Amino acid sequence: MNTLRAQVEDYLRLRRALGFKLERAGLLLPQLVAYLDAAGATTVTSDLAIAWARLPERAQPNHWAARLAVARGFARYLQAIHPATEVPPAGVFPTRRHRPTPYLWSAVDIRLLLETTRSLRPRLRAAAHEALFGLLAVSGMRLGEAVGLHRDDVDLGHGVITIRHAKFDRSRLVPLHPTATMALRGYAIERDQLCPRPRSEAFFLTSRGTSLNRSDVDKTLRQLTTTMGIRTATVHPRAHDLRHALAVHTLLGWMRDGVNVDEHIGVLSTYLGHVAPADTYWYLSATPELMALAAERLDVRFGGQR
């Protein structure tokens with residue numbers, strides 16, 4: 001077996017044993033090894049790693065930077081075994097994190113969405129999507145977390161959801177309001193009546209008894225928001241924006257009530273499953289109304305002198 005290929009397998013095995021999924025690395029590192037083999041190299045060099053990362057040539061710098069990050073991770077591991085290995089420098093490719101402009105769902109929008117969802121057919125499709133979108137709106141869960149729920153993850157007796165594989169493979173508990181628990185219980189009863197012998201243990205089921213997938217949910221949401229008249233050539237409401245809306249409306253409520261956001265941001269950050277409160281603070285800068293309220297509070301605090 002090629003030595004580099006074997007070392008890639010050892011690297012992936014070790015990192016995955018530590019809890020990292022490394023799905024991208026699992027796809028890209030064999031390609032890097034093939035590139036190094038074709039160049040006659042026996043280990044990673046900075047020049048070859050950068051040249052490989054810059055493929056395809058017409059891709060965006062963000063794409064190149066992501067590829068180089070994978071190569072750098074493997075090179076750092078390999079350097080401990082073979083000191084001749086070169087670790088490519090960071091920052092070779094200019095990158096810019098792009099966040100899509102979120103759609104701020106209002107309470108009226110969400111009610112209309114759930115009402116429109118009831119027109120879907122078959123009936124189980126309608127029930128599953130209504131419960132799913134309602135859960136996203138009141139819990140701020142990520143779409144992938146919600147469609148990945150198993151029945152045992154949803155404790156309707158205590159009103160708590162367990163997310164076992166959240167972002168970065170973290171786990172967390174999501175307590176629910178009693179009204180949300182009641183709505184999910186109603187869906188579960190209807191689901192079991194309409195599909196008594198499901199093919200999946202997923203909590204949210206398709207009309208075929210299989211688990212929902214993100215692609216189909218996104219397609220359904222595009223259909224619904226077009227019917228509602230809120231989707232236009234420039235406005236593209238997403239399921240993830242329901243999470244954004246929960247965070248924004250929570251922060252707006254705190255600021256209007258005079259709550260110290262700094263003292264409570266950790267609670268919201270934990271509930272949303274953010275790695276750090278800094279990720280939650282982003283919502284302050286992402287919404288004009290929040291920015292305006294923050295400016296007003298600064299004026300009050302400092303008497304207009306800043």
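The accessible surface of the protein chain amounts to about 17200 Å², and carbon and sulfur atoms contribute 55% of that area. This value and those below refer to a predicted model. The chain-level figures are collected here.

| Property of the protein chain | Value |
|---|---|
| Accessible surface | about 17200 Å² |
| Share of accessible surface from carbon and sulfur atoms | 55% |
| Share of the 306 residues that count as buried | 42% |
| Share of contacts with a separation of 6 or more made by residues 24 or more positions apart | 58% |

In secondary structure, the protein chain comprises 13 helices and three strands.

Helix α2 covers residues 23–38. With 16 residues at 1.5 Å a residue, α2 should span 22 Å, and the 24 Å between its end C-alpha atoms therefore agrees with expectation. The buried residues of α2 are Ala-25, Leu-28, Leu-29, Leu-32, Val-33 and Leu-36. An α-helix has 3.6 residues a turn, so residues three or four places apart point the same way. The buried residues of α2 pack against α1 (3–17), α3 (46–53) and α4 (61–79). After α2 comes Gly-40, which has a positive phi near 80°.

Two of these packing partners, α3 and α4, also pack against each other, at an angle of about 140° and with their axes 8 Å apart. Because angles over 145 degrees count as roughly antiparallel and 65 to 115 as roughly perpendicular, α3 and α4 are therefore classed as oblique to each other. Their crossing is right-handed. On the α3 side, Ala-49, Ile-50, Trp-52 and Ala-53 take part, meeting Trp-64, Arg-67, Leu-68 and Ala-71 of α4.

Key:
Residues numbered from 1 in each chain as written. Predicted model: local features only at pLDDT ≥ 70, side-chain atom pairs only at ≥ 80, totals over all residues. Heavy atoms only, no water. Helix = DSSP H or I, 4+ residues; strand = E, 2+ residues; numbered from the N terminus. Expected span 1.5 Å × (residues − 1). Buried < 20%, exposed > 50% of the residue type's maximum accessible area, 1.4 Å probe, protein only. Contact = heavy atoms within 4.5 Å. Areas by Shrake-Rupley, 256 points an atom, 1.4 Å probe, with all protein chains shown as cover. Axes fitted to C-alpha atoms, helices over the stretch in contact; angles between N-to-C directions. Parallel < 35°, antiparallel > 145°, perpendicular 65-115°, else oblique. Left-handed = near helix turned anticlockwise from the far one by under 90°.
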